[in-house]
Amino acid sequence: MDSAALGEHTPQDFDRVLSSMCTEPHPSARDAATTFLADNPGDPATYPTVAELEEGAVAALGDVVGLDDPHGYVGSGGTEANLQAVRAARNVADGDVNVVAPESAHFSFQKAADVLGVELRLAATDDDHRADVDDVAALADDDTALVVGIAGTTEFGRVDPISALADVAANVDARLHVDAAWGGFVLPFTDHDWDFSDVDVDTMTIDPHKMGQAPIPAGGFLARDAETLDALAIDTPYLESDTQPTLGGTRSGAGVAGAHAALDALWPDGYREQYEVSQANADFLAAELVDRGYDVADPVLPLVAVDLPDAEFDALRERDWRISRTASGELRVVCMPHVTRAMLTKFLADLDELQ
Ligand code: 0PR
């Protein structure tokens with residue numbers, strides 16, 4: 001780094017980052033991002049190469065989520081993709097509509113509801129932090145435009161019963177959106193029913209800039225049908241392209257090229273290996289914490305939530321561990337690619353020293 005303007009500022013070291021959903025990008029994704037910093041996928045007629053890379057990235061994301069002919073784009077992240085899913089459902093439906101999501105849904109749905117003027121109904125979760133299907137069904141009605149299921153929840157890494165939620169959606173003639181922003185790059189290697197080939201899903205969020213090991217910003221919005229993007233399209237009279245379904249106008253060429261390169265390098269074997277390592281790390285950490293007498297939510301995916309007293313949490317933060325809590329207070333350790341067994345062993349040693 002030779003930029004004097006940065007002074008002493010260096011990027012965050014990942015060796016104590018335990019609760020983030022960001023990670024170090026794959027080296028070829030980093031290179032690709034740097035190369036395409038000034039290309040704008042929002043103007044494909046002027047920047048055709050990055051537009052081609054975006055098509056490739058969307059096709060590759062389709063492979064990850066079991067969709068042969070995916071429609072979508074690489075956006076700024078999960079928040080944008082969730083907002084676009086709500087927007088598409090609202091635009092396809094008539095009149096005042098509502099969205100039903102479990103209370104475990106990421107807060108981006110609150111933003112979407114606020115921006116779009118749509119009512120958000122939050123359903124209860126069960127004892128295992130998964131959407132309570134009966135409560136979702138009780139909240140859904142003729143005005144429900146969208147039912148949301150989460151495949152890999154932010155706080156507990158849980159996978160909602162997506163098939164049952166699809167039935168609820170079908171009963172009220174609503175669309176189904178699956179938020180796999182974080183889980184999308186690990187779920188292909190599990191037995192869960194969550195993707196377009198398993199269930200009648202209409203739209204999905206899957207973020208290359210989380211488990212996909214792409215640089216920020218690289219989010220994924222995918223739809224089964226072209227009509228979804230049509231419902232989002234706005235005329236762009238003075239561009240060579242006619243319409244734009246994206247929320248952003250000028251968009252990140254770095255994100256698009258980075259996502260393309262990460263998928264090219266890692267799908268499927270690299271992601272499978274990473275899933276196996278991350279899941280083994282989560283299982284290791286959970287077992288070590290159980291041995292020490294802590295109450296641990298079983299890591300269904302590579303995310304460990306543990307009930308840790310506030311004093312211990314604060315002391316670990318003072319030792320520079322970058323950790324955060326769930327809304328109900330559990331420490332959450334997200335076993336991202338940069339989280340190694342050695343890091344977890346150091347973390348446990350620090351925890352033991354507090355006793
Ligand atoms: N959907 C799910 C399931 C998510 O977990 C998140 C973000 C989003 C949507 C929104 O994605 P964007 O943040 O890309 O718009 N979950 C993380 C969280 O809120 C985001 C995060 C990432 C927070 C890194 C902190 C951090 O260091 O925990």
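Modeller: We start with a rule: a residue counts as near a molecule if one of its heavy atoms lies within 4 Å of it. This is a predicted model, and in it 17 residues surround the ligand, the closest being Ser20, Thr79, Thr154, Asp179 and Lys210.

Biologist: How do the residues of the shell around the ligand divide into nonpolar, polar and charged?

Modeller: The shell holds 3 nonpolar, 10 polar and 4 charged residues. Helix α3, which spans residues 78-92, gives the most to this shell, with 3 residues.

Biologist: Which side chains place an N or O atom 3.0 Å or 2.9 Å from an oxygen atom of the ligand?

Modeller: A polar contact is a pair of N or O atoms within 3.5 Å. The side chain of His106 has such an atom 3.0 Å from a ligand oxygen, and the side chain of Lys210 has one at 2.9 Å from a ligand oxygen. Of the 590 Å² of accessible area that the ligand has on its own, the protein covers 76%, and the space that the ligand takes is the largest pocket.

Biologist: What radius of gyration does the protein have, and what would a compact globule have?

Modeller: With 355 residues, a compact globule would have a radius of gyration near 20 Å, and the protein agrees with this at 21 Å. Its secondary structure comes to 11 helices and 13 strands, and along the principal axes its C-alpha atoms fill a box of roughly 65 × 55 × 35 Å.

Key
Residues numbered from 1 in each chain as written. Predicted model: local features only at pLDDT ≥ 70, side-chain atom pairs only at ≥ 80, totals over all residues. Heavy atoms only, no water. Polar contact = N/O pair within 3.5 Å; in protein donor to acceptor, adjacent residues only side chain to side chain. Areas by Shrake-Rupley, 256 points an atom, 1.4 Å probe, with all protein chains shown as cover. 1 Å grid on protein atoms, 1.4 Å probe; cavity = no way out; pocket = protein on both sides within 12 Å on 5 of 7 lines; lining within 4 Å. Sits in = over half its atoms within 2 Å of the grid points. Helix = DSSP H or I, 4+ residues; strand = E, 2+ residues; numbered from the N terminus. Nonpolar A, V, L, I, M, F, W, Y, C, P; charged D, E, K, R; others polar. Rg over C-alpha atoms; globule rule 2.2 N^0.38 Å.
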